[in-house]
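Reader: I have a model open and would like to learn how to read a few of its features.

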Amino acid sequence: MKRASLILIGIFLLAIIASGCIGGNEVKDTGTKESIAPSSEQTELKKSTLKIFHAGSLSEPLKDVSEAFREYAKTLGYDVEIQAEASGSVMAVRKVTDLGKKADIVALADYTLIPQLLVPNYTDFYVLFATNEIVIAFTDKSKYADEINSNNWYEILAREDVSFGFSDPNQDPCGYRSVMVMKLADIYYGKPIFETLVERNTNIYAEGNHIVAPKEIQIKTDKVVIRPKETDLTGLVESGSLDYYFIYKSVAMQHGLKFVELPKEINLKDFTLADYYGQVSITLGSTGKTIKAKPIVYGVTVLKDAPNKELALEYLKFLLSERGKEIFEKNYQDFIWPPVGFGNIPEEIKNEVEVEG
């Protein structure tokens, strides 16, 4: 209960500063609609499709949630095909806003992208449901794997014969979080870590504690590898062609990778350090938006024009239930309990969330 309370307090503080966050009217809990139920005369399952745009780091837990939901949906009279499309969270949003692609559900690694980019035109609510932290993952094949630790990681990564990677900040929250972690390391260790690891190897640069990620990221050396989403780098590390990469702890554990846990002052996990993290910010060339470093919180919503909105809300209800929590925790990802909802929360999920405006 203490941890849950701390998370809720942190989330409420973050929600106040989230750009474009729904203020809105108070949402009263008037109960939950009954689940979709098949007609007593129904003899065959109704074939339906759900389309989900989601963060790459959610691939494993959502795969398991979707498998469980497909079985559950049969009790509701549905034979559901779930089309899950992974990408960086920024790109997932842009598929909707820029490319006009249709989806039922959007699940992102940074919840603030929803109020910033999807509200009010594409959705009017969102739910915060999971957390994570940034680590540096590697294998026994990685150079100096027997030396690297939480105290010397930046020295190991700086060595001339060591390669490391992170995802594209313009497409993926793990990418912009990774470079913000390296800028926070400047503050924490009192050393020019960002300049050594980022500025010397890419065209990403900092002005004080503010980072600028140009729209077209360029790599200056063969020391650094950047890919559209964080999970694109996993295979490179597993094969030994890349020594280290910045990744979410849950993904490292799902793939059985070794990893260095970073100090709480820079790993973006601790809600009590929200103000400390907020010293660092980044402007993304892809959206023009400026994002402050903050504790990692995932968000999910059902879009206004979802092709199968009623069934999508059933999926969301299932995801936010104790069954969804159990599946996420089996995939080594912390779940916010209860999940926290903002905006015009649909009746179907009100009993599953703590409503906060």
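Predicted model: local features only at pLDDT ≥ 70, side-chain atom pairs only at ≥ 80, totals over all residues.

Reader: Is Ser66 buried or exposed?

Author: Buried means under 20% relative accessible area, exposed over 50%, and partly exposed in between (1.4 Å probe, protein chains only). Ser66 has 9% relative accessibility and therefore counts as buried.

Reader: Which residues does Ser66 touch, beyond those up to four places away in sequence?

Author: Contact means heavy atoms within 4.5 Å. On that basis Ser66 touches Ile52, Ile82 and Tyr315. Tyr315 is 249 residues from Ser66 in sequence, yet their C-alpha atoms are 8.2 Å apart.

Reader: What joins the side chains of Ser281 and His210?

Author: A polar contact is a pair of N or O atoms within 3.5 Å; within protein, one must be able to donate a hydrogen and the other to accept it, and residues adjacent in sequence count only if both atoms are side-chain atoms. Ser281 and His210 have such a contact at 2.7 Å. Ser281 is also buried, because its relative accessible area is 14%.

Reader: How many residues of H6 are buried?

Author: Helices (H or I, at least four residues) are DSSP runs, numbered from the N terminus. In H6, 15 of the 17 residues are buried. Just after H6, Gly190 has a positive phi of about 70°.

Technical notes: Residues numbered from 1 in each chain as written. Heavy atoms only, no water. Helix = DSSP H or I, 4+ residues; strand = E, 2+ residues; numbered from the N terminus.
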